[in-house]
Amino acid sequence: MDWIEVTIFTSTEGILPVTCLLDDMGIEGYALEDAADFEAFLQDTEIYWDYVDEKLKEDLINQETKIKIYLAEDESGQIQLAQLNAALEKLRQQDTAHQYGRLVTETSISRQQDWEWGWKQYFKPFPVGQKFIIKPSWETVEDTAGRTVLEIDPASSFGTGTHDTTQLCIAALEQTVTGGEKLLDMGTGSGILAIAAAMLGAKADTVVDIDAHCLTCAQENAERNQVHIWRALHGDALRDPKLEQEIGAGYQIITANIVADIIIAMAPMFWSKLEPDGTLICSGILEERADEVQNALQNTGFLLLNRQASGGWSCLRLRRA
């Protein structure tokens, strides 16, 4: 079945009256995009914006609050849409203080096939580094050319393997892992780096992320590849001393595919958690900021082993003296 995607433009103050209106119509399922959430997100994640261009940031700032519903693309759906527009018009007339936003709708058709697949049709198996071929869970690989298959389902978490930073980190892991190393993956996302390390022979001891959904995703991906992640910790280690302590120390490898500012801020933490002669692999660093990050890490005491770049991004591999 195809669907009518209906977007209702309102405001944060209009969420309750509009959703009550939907409930009265028997429409129980909806997706909410609250402009207030976008504003809070921009404030809370300002340090992560190396990954996002200014146009996207501006687009988020100017977002309206939206409520999306899906109606069947048939006569009953068209009747519901007409009833909805009439109810919104009545609510707009009652809103003399103009608190509830525009209260208008836009519609588009969502084809069932597009809805199910969307971007997935473009995510195909591809080689990474010297040893891996990465494939999504819904694809098959007939000829691996002697490479190890790493199967990943990002499930909205960062880390499909297609980004230059992830590929640089995997290549660095291939240079680093000899077998048995205790590894910490900071900002694990889909878990792809911890999984790659485990498949190379390291012990994926601890993964950390500020998004609890990522930790679930990472564990599922580890099971998919028949490797084990020993601990998955949720939170922000820079702001939560209890979490920082829980992460512990004694690691031989730390991976941190995050962003420049976080890597700089975590430099002393990385130092304290690595054993002497341990290796730090970090990326998510724009090339124009690579010198700044390298200097901060070297000032902490790290020795640069090598620095690689791809697609405007840099990866540093360093050793704790």
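The sulfur of C217 lies 6.8 Å from the closest cysteine sulfur, that of C214, which is too far for a bond. A disulfide here is a pair of cysteine sulfur atoms within 2.5 Å. By this rule the count is 0 disulfides. C169 is in no disulfide either: the nearest cysteine sulfur, in C315, is 4.3 Å away.

This is a predicted model, in which local features need pLDDT of at least 70 and side-chain atom pairs count only at pLDDT 80 or more, while totals for chains, interfaces and linings use all residues. Residues are numbered from 1 along each chain as its sequence is written, and side-chain values use heavy atoms, with hydrogens and water left out.

**Burial**

Buried means under 20% relative accessible area, exposed over 50%, and partly exposed in between (1.4 Å probe, protein chains only).

| Residue | Relative accessible area |
|---|---|
| C169 | 0% |
| C217 | 3% |
| R289 | 15% |

Across the protein chain, buried residues make up 44% of the 321 residues. The chain exposes about 16,000 Å², with carbon and sulfur atoms supplying 48% of that area. Accessible areas come from the Shrake-Rupley method with a 1.4 Å probe; for residues, only the protein chains shown count as cover.

**The surroundings of R289**

R289 sits in the loop between β12 (274-286) and α11 (290-300). Its side chain makes a polar contact of 3.0 Å with that of E292. Such a contact is a pair of N or O atoms within 3.5 Å; within protein, one must be able to donate a hydrogen and the other to accept it, and residues adjacent in sequence count only if both atoms are side-chain atoms. A260 is 29 residues from R289 along the chain, yet their C-alpha atoms are separated by 7.0 Å.

The protein chain has 11 helices and 14 strands. These are DSSP runs numbered from the N terminus: helices are H or I, at least four residues, and strands are E, at least two. Strands pair if DSSP finds at least two bridges between them. β5 and β6 (residues 132-136) run antiparallel, joined by 3 bridges. V128 stands opposite F132 in β6.
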